[in-house]
Amino acid sequence: MTSYKIALLDGDGIGPEIMAEAVKILKLVESRNDVTFDLIHTPFGASAWFECGSAFPDQTKAVCDEADAILKGPIGLSHEESKKIPVDEQPERGALLPMRRRYNTYANFRPVYLPKGLAHFSPLKPEIIGEGIDIMMIRELVGGLYFGHKETGINEDGRRYVTESLEYDEDQIKRIMKVAFKTAMKRKKVLHNIHKSNVLKSSVLWNEVMEEVHADYPEVEVINILVDAAATYLCLKPTMFDTMVMENMFGDILSDQGGGILGSLGLMPSACMGDKKAYYEPSHGSAPDIAGKNIANPYSMIGSVAMMLEMSFGMDMEAKNLWHSMQSVFADGFSTADLSKEGSGVTMLSTSDFGNKVADAFLKTSNA
Ligand code: IPM
Ligand code: MN
């Protein structure tokens, strides 16, 4: 029997509630496969800072170092609460970015997936959605502005100034391009390369390296598109995209736009892959305003489990079953609070009821 150690980082706000639904599913996967999961909850985020004095405590580092995969809930607090934590230790800067750096999780997969059964959640018109949207956004996750040199001070004119640099070297670009081309090969063999080379030198190097890597994947058609134009086309004609690759900040922004296209960031799971370690997380925040109310949508957390099953454990069939089960709940006419207004005629599900319905549907699928 195969055994995997999974670090569970519940995080802040709605984190523990949606993590509980993810755990429900992991137990089911265990119950019907030749696999055991050693699930280890460990503190991370603002709650960890208040409990242990660190947003990414040593004990959590030790558990994550040993784990076969990491499942992470959302982190962060309200603006007011965050101010109680020193700036550099606030969970985004003090935990999340350090984790990305520690495990070098440079390739962030963010699926923007809207099959027909979910199309009614999208703000886009049915004729724009057509047969459905299926985009894999690949975001470089450990370079660029977020990890570049930062400096603040007073300049010669006595004015406060700030400098932040967008840094990449060719190896960093090469490795994310390889991931992008490999992904495109498995999908429709069309890669949209997102850049801003009419202004940014970083994009000029990005495109140069992209072309070099392209030589190894001649079957893939590359379409170069400026990031601002890509934002427009994501609204006007999202079905023209299949695999997209982009640098860190472009990916942060366009993937949130992806959530908007779907109707909610609650429909955006993600996988953060390094060569040796991977972690999985919803793309959204910790929604402190609705924490503890059992109304958060756990789709992106459960979807992150599906991505983990496929990408870390090679359980492709169960991953597919899980995706199918999650979508079937919405296709059956149910909804969650982030996606529909109360009184709009749909049956609203709580966090735990959504998890239960996914579990029921999952048990009806076949893993043979
Ligand atoms: C995301 C988040 C993070 C990011 C924040 C929380 C640092 O917005 O994963 O998209 O900007 O990368
Ligand atoms: Mn983001």
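Modeller: This is a predicted model, in which local features need pLDDT of at least 70, side-chain atom pairs count only at pLDDT 80 or more, and totals for chains, interfaces and linings use all residues. Residues are numbered from 1 along each chain as its sequence is written.

Biologist: At what angle do the axes of helix α1 and helix α11 cross?

Modeller: Helices (H or I, at least four residues) and strands (E, at least two) are DSSP runs, numbered from the N terminus. Axes are lines fitted to C-alpha atoms, for helices over the stretch in contact, and angles run from 0 to 180 degrees between N-to-C directions. The axes of α1 (residues 15-31) and α11 (residues 299-311) come within 8 Å, and they cross at roughly 40°.

Biologist: Which residues of α11 make the contact with α1?

Modeller: Contact means heavy atoms within 4.5 Å. From α1, the contact is made by I18, M19, E21, A22, I25, L26 and V29. From α11, the residues are M301, I302, V305, M308 and L309.

Biologist: How are α11 and helix α12 oriented to each other, roughly parallel or roughly antiparallel?

Modeller: The axes of α11 and α12 (residues 316-331) come within 7 Å and cross at roughly 160°. Angles under 35 degrees count as roughly parallel, over 145 as roughly antiparallel, 65 to 115 as roughly perpendicular and the rest as oblique. The two helices, α11 and α12, are therefore roughly antiparallel.

Biologist: In β12, what is the bridge partner of I70?

Modeller: Strands β3 (residues 69-72) and β12 (residues 278-282) run parallel and are joined by two bridges. In β12, the partner of I70 is Y279.

Definitions and conventions: Chains lettered and ligands numbered in written order. Heavy atoms only, no water. Pairing = 2+ DSSP bridges.
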